[in-house]
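Welcome! Let us walk through this protein together, beginning with the overall picture and then turning to a few charged pairs.

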Amino acid sequence: MSTTDIREVVKERYGQAARRVRSGGSSCCGASPAGASCDPITSNLYDAAQAGQIPEEAMLASLGCGNPTALARLNPGEVVLDLGSGGGIDVLLSAKRVGPTGKAYGLDMTDDMLALANENKAKAGAENVEFLKGEIEHIPLPDNTVDVIISNCVINLSADKDRVLQEAFRVLKPGGRFAVSDVVTRGEISPAIRQSVLLWVGCVAGALEDVEYREKLGAAGFEQIEIEQTRVYRAEDARGFLAAAGVDVDAIAPQVDGKFFSAFVRGVKPARAEVKACCGPTCCN
């Protein structure tokens, strides 16, 4: 699919998820067929103490594959940006950790999710929270304004991950931290199997291999890059979804198990930007 097609598919699926929550239902991975479950991905990511800090609708709308707010270091007074903030769960949790002197932004392109997020913001009484409409490839914030960028299983959905990482680097302050949860792959996987499994894992195929993720972060300018595996996906977890898609789960299990996982991905923007020396009176123009 083209970049535009992928964006529209993501927008529609996440819009449907928000509408289900607002009508009294619960959210799951938007690609799951009737009767299938994506609990192995989205369940048990937040503990009871965290659940008690936010409106129930924020929890129900969670489509994440990890818990970046539990793993990222957040300090009072810092500015946090959540890329693809959905119903606002990670923004609201982050807002509590940075406190009244800090700020938590959420960025989402889906009107229904933004409406749900703002409802949750009002219910939580969060005054240091702001939800922005936009695409993660074009962050509507100035350069060097954010201390920490988080995201929860969203970057894998972008068709232009290089641009996402470049934008993240741009808006981070020098010394700022990139700390996201995402779906990552490891090792060689046939294209057909990769497509089927990633449709389940990430709703839209597109997760990066761990080596490629590191390379792209480095190319964007990040240092101190780490990829920490947090949850491994097995073919058995996806049996219902894959069987409904006509995939022989038993046949592909050896090629799938251990190769798809949630990860906590870290990087740091250098404290001082590199200054390139000018070689003449016009070369820097």
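**A first look around**

Of the 285 residues in the protein chain, 51% count as buried, meaning under 20% relative accessible area, whereas exposed means over 50% and partly exposed lies in between (1.4 Å probe, protein chains only). The model is predicted, so local features need pLDDT of at least 70 and side-chain atom pairs count only at pLDDT 80 or more, while totals for chains, interfaces and linings use all residues. Residues are numbered from 1 along each chain as its sequence is written, and side-chain values use heavy atoms, with hydrogens and water left out.

The protein chain has 12 helices and 8 strands; these are DSSP runs numbered from the N terminus, with helices (H or I) of at least four residues and strands (E) of at least two.

**Charged pairs**

Now for the salt bridges, of which the structure holds 11. The term means a side-chain nitrogen of Lys or Arg within 4 Å of a carboxyl oxygen of Asp or Glu. In one of them, D111 pairs with K133, their closest N and O atoms being 2.7 Å apart. D111 is partly exposed at 47% relative accessibility, and K133 is exposed at 52%.

Another salt bridge joins E228 and R266 (3.0 Å, N to O). Here E228 belongs to strand 7 (residues 223-233) and R266 to strand 8 (residues 260-268), 38 residues apart. E228 counts as partly exposed at 33% relative accessibility, as does R266 at 23%.
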